[in-house]
Amino acid sequence: MALATVFTVLPMVPGVTGEGGLMARPPALALIGGLITSTPLTLLLAPTLYAMVEPCKERRRAERRVRRPRQTRRRRSR
């Protein structure tokens, strides 16, 4: 989807879109730059950070279970 948007906005960069083409150039450049930057961050960085953080969380959870065993609930006497 991002690639299709970049190709759609690409004619706006050189200003060949007719009247007002020069006014559309800065937003088109910002849009293309943002999509090119955000797509790799979303596809590569986010899963990598998750893969790095999740084992630490699991290890910490396991340590808590070892230190503090599950407590049994006392029944109320009537």
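Student: Which residues in α2 do Ala2, Thr5, Val6 and Val9 in α1 meet?
Tutor: The model is predicted, local features need pLDDT of at least 70, side-chain atom pairs count only at pLDDT 80 or more, and totals for chains, interfaces and linings use all residues. Residues are numbered from 1 along each chain as its sequence is written, and side-chain values use heavy atoms, without hydrogens and water. With contact taken as heavy atoms within 4.5 Å, the partners in α2 are Ala28, Leu31, Ile32, Leu35 and Thr39.

Student: Are α1 and α2 roughly parallel or antiparallel to each other?
Tutor: Helix α1 covers residues 2-9 and helix α2 residues 21-67 (DSSP runs of H or I, at least four residues). Their axes, lines fitted to C-alpha atoms over the stretch in contact, lie 10 Å apart at about 160°, on a scale from 0 to 180 degrees between N-to-C directions. Angles over 145 degrees count as roughly antiparallel; α1 and α2 are therefore roughly antiparallel.

Student: What percentage of the 78 residues count as buried?
Tutor: Buried means under 20% relative accessible area with a 1.4 Å probe, protein chains only. For the protein, the share is 10%.

Key
Buried < 20%, exposed > 50% of the residue type's maximum accessible area, 1.4 Å probe, protein only. Helix = DSSP H or I, 4+ residues; strand = E, 2+ residues; numbered from the N terminus. Parallel < 35°, antiparallel > 145°, perpendicular 65-115°, else oblique.
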